[in-house]
Amino acid sequence: MSDPLRPAGPDAPTDPSTPLAGLCLDEALALLHHAGIDGPMTAPCDAAGLQRLIDALVALSSRDALTGIANRRSFELALVREIDRVARTAEPALLLLVDIDHFKRVNDTHGHPAGDAVIRTVARALADSIRPMDLVARLGGEEFGLLLPNCPPAFAPQIAERVRQRLARADWPQSGGQRLSVTVSVGGAYAPQWVRSTPALWLARADLQLYRAKSEGRDRACFEAAVSSDVSVAERELLLGGLVAPHVA
Ligand SMILES: Nc1nc2c(ncn2[C@@H]2O[C@H](COP(=O)(O)OP(=O)(O)OP(=O)(O)O)[C@@H](O)[C@H]2O)c(=O)[nH]1
């Protein structure tokens, strides 16, 4: 039987005592070193070393490069797991989308590096506002996601208020003698407990509330009414499978 750790191809090593020799890992090691992620210093030469390298690369691919918190890829994976958990346990789970208000002005007035510093400060403040079991991620640009498993509906406004207060006392960067504080808008939605939904549909529900918070004046939070029982067309299809005929207008 062939060795699963041995690379195939014409350059594959023939000495069975060095099964990993010949793997070109320089780029991977350089990326890990640049990102400050703890991993092997040199190309691994056994299965344990290879596992360490894989773990480090998984950490690299699940983090946001600017802030160091989770990125969209790992957040969506966490949403999939949470949807499964809610379907099994019927525990309420809250998704919050947090978007910095008028962020373009920060970049335009103070420059992109100052904008980056503000994004990092918001990421830190959000990470400090949640429980260890919760997850915060940068979803892109100036938008963040918070996933709060086992969160009773009555707590949603309290969590948004905690985020607001934590942001208010954050250690904001300075630019030209000015303190660069920002406000955020928040949209929240609970995972439907009556259907195994999808991350895209859950995100769309929260996004609707974020849009409402922006259009009602920003610096505020809007939530879906408790655990909503409104069913979108896509969710109805998930619930009933192929049993419903497509709606014809
Ligand atoms: N500094 C910095 N800016 C970014 C980054 N990613 C996206 N942006 C900027 O974020 C800004 C987002 O602007 P808009 O989408 O218009 O939103 P906004 O100005 O926050 O306005 P509202 O969301 O409506 O309150 C754009 O100017 C992007 O260039 C980043 O990584 N760093």
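Ala90 is located in the loop that links helix H3 (72-89) to S2; helices (H or I, at least four residues) and strands (E, at least two) are DSSP runs numbered from the N terminus. Although Ala90 is not a glycine, its phi is positive, at about 65 degrees. Ala90 counts as exposed because it has 10 C-beta neighbours inside 10 Å. A residue is buried if 20 or more other C-beta atoms lie within 10 Å of its own, exposed if 12 or fewer, and partly exposed in between, with C-beta atoms placed from the backbone.

Arg218, likewise not a glycine, has a positive phi near 70 degrees. Arg218 belongs to the loop between helix H7 (199-215) and strand S8 (221-223), and is partly exposed, with 14 other C-beta atoms within 10 Å.

## Basis of the model

The model is predicted: local features need pLDDT of at least 70 and side-chain atom pairs count only at pLDDT 80 or more, whereas totals for chains, interfaces and linings use all residues. Residues are numbered from 1 along each chain as its sequence is written.

The protein chain contains 8 helices and 8 strands. Of its 249 residues, 28% are buried.

Leaving aside residues up to four places away in sequence, Val186 touches Leu96, Leu97, Val98, Ala160, Val163, Leu210, Ala213 and Ala221; contact requires C-beta atoms, placed from the backbone, within 7 Å.

## Ligand shell

The shell around the ligand holds 16 residues, of which Asp101, Phe103, Lys104, Gly115 and Gly141 come nearest; a residue is near a molecule if its C-beta atom, placed from the backbone, lies within 6 Å of it. Strand S2 (94-100), helix H4 (103-110) and helix H5 (112-128) each give two or more residues to this shell. H5 supplies the largest share, 4 residues.

## Packing of H4 and H5

The axes of H4 and H5 come within 7 Å and cross at roughly 140 degrees; axes are lines fitted to C-alpha atoms, for helices over the stretch in contact, and angles run from 0 to 180 degrees between N-to-C directions. H4 and H5 are therefore oblique to each other, the class left after angles under 35 degrees (roughly parallel), over 145 (roughly antiparallel) and 65 to 115 (roughly perpendicular). Phe103, Val106, Asn107 and His110 of H4 meet His112, Ala114, Gly115 and Val118 of H5.

Definitions and conventions
Two residues are in contact if their C-beta atoms, placed from the backbone, lie within 7 Å.
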